[in-house]
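Biologist: I would like to learn how to read charged pairs and helix packing in a model such as this one. Could we go through them one at a time?

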Amino acid sequence: MTSLMQRSSGLVQRRTEASRSAAAAEKEKSPGEDEDESRRGEEEEDDDKGDAKETRLTLMEEVLLLGLKDREVIYKSDAPTGDMLLDEALKHVKETQPPETVQSWIELLSGETWNPLKLHYQLRNVRERLAKNLVEKGVLTTEKQNFLLFDMTTHPLTNNNIKQRLVRKVQEAVLEKWVNDPQRMDKRALALLFLAHSSDVLENAFSPLLDDQYDLAMKRVRMLLDLEPEAEAAKSGANELLWAVVAAFTK
């Protein structure tokens, strides 16, 4: 697996002027502003819980919003989720005997299998279906653009607040809310970090950071990527399926 640090080289340089301005603003903050920042973090968490149903995103939609490259998520329960893509995947998993491994399901559902008899398991048009979900939730919009001899459907961002909240959540997972123990991390945030990395979009969330914050965030992501999924899965209270998926993505 190509390391995250190698992938980050050559990417767009963060603007130094913005960094200086932000650093200067940080020095000028009063003690009261620090307390305000702490409260703001709690309020943002409350906002997530209080969001209207149509703005709550699935993990796959969040990865798409960061810049998805076709990767799938498998859930443990076979109960309907209300999400068409997830329910389609769960239906395949439930009806297949003998059971397949997590690694096999990722390959089958994403179409990365060489077995022609199992191509029917592939989830079709994943990116477009996720984009349509985000259009319905008011995060994206739909436009037609003409490219020479044909028209192409595009989905520009229309609700930047949700995108920025997502970016902030990814940043906080490895900065302000970092606990130095993957077993104590929020499981959804942990899964999002691994999925965003596997989809090559984690840099999109970290590029606005100041240089020292960026370096610290990348260092902590590297720590997560260097973990042994099998050892983590064996720990008390661990989410075994999460680590099985991590093992499949990072092998």
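This is a predicted model: local features need pLDDT of at least 70, side-chain atom pairs count only at pLDDT 80 or more; totals for chains, interfaces and linings use all residues.

Biologist: Which residue forms a salt bridge with Arg168, and how far apart are the closest N and O atoms?

Modeller: The general idea is to look for a side-chain nitrogen of Lys or Arg within 4 Å of a carboxyl oxygen of Asp or Glu. Here the partner of Arg168 is Glu172, and the closest N and O atoms are 3.4 Å apart. Both residues belong to helix H8 (residues 160-174), where they are four residues apart, about one turn of the helix. Glu172, with a relative accessibility of 9%, counts as buried, whereas Arg168 counts as partly exposed.

Biologist: How many salt bridges does the structure hold?

Modeller: There are eight salt bridges in the structure. One of them joins Glu100 to Lys118, with 2.7 Å between the closest N and O atoms. Glu100 is in the loop between helix H5 (84-95) and helix H6 (102-109), while Lys118 is in the loop between H6 and helix H7 (126-136), so this pair ties together parts that are 18 residues apart in sequence. Glu100 is partly exposed at 23% relative accessibility, and Lys118 is partly exposed at 25%.

Biologist: Turning to helix packing, at what angle do H6 and helix H13 pack?

Modeller: For a pair of helices one reads the angle, the distance between the axes and the handedness of the crossing. H6 and helix H13 (residues 240-250) pack at about 60°, with their axes 9 Å apart, and H6 passes H13 in a right-handed crossing.

Biologist: Which residues of H6 and H13 meet there?

Modeller: From H6 come Val102, Gln103 and Ile106, which meet Leu241, Ala244, Val245, Ala248 and Phe249 of H13. By residue class, the contact of H6 with H13 consists of seven nonpolar residues, one polar residue and no charged ones.

How values were computed:
Residues are numbered from 1 along each chain as its sequence is written. Side-chain values use heavy atoms; hydrogens and water are left out. Helices (H or I, at least four residues) and strands (E, at least two) are DSSP runs, numbered from the N terminus. Buried means under 20% relative accessible area, exposed over 50%, partly exposed in between (1.4 Å probe, protein chains only). Axes are lines fitted to C-alpha atoms, for helices over the stretch in contact, and angles run from 0 to 180 degrees between N-to-C directions. A crossing is left-handed if the near helix is turned anticlockwise from the far one by less than a right angle, and right-handed if clockwise. Contact means heavy atoms within 4.5 Å. Ala, Val, Leu, Ile, Met, Phe, Trp, Tyr, Cys and Pro count as nonpolar, Asp, Glu, Lys and Arg as charged, and the others, Gly among them, as polar.
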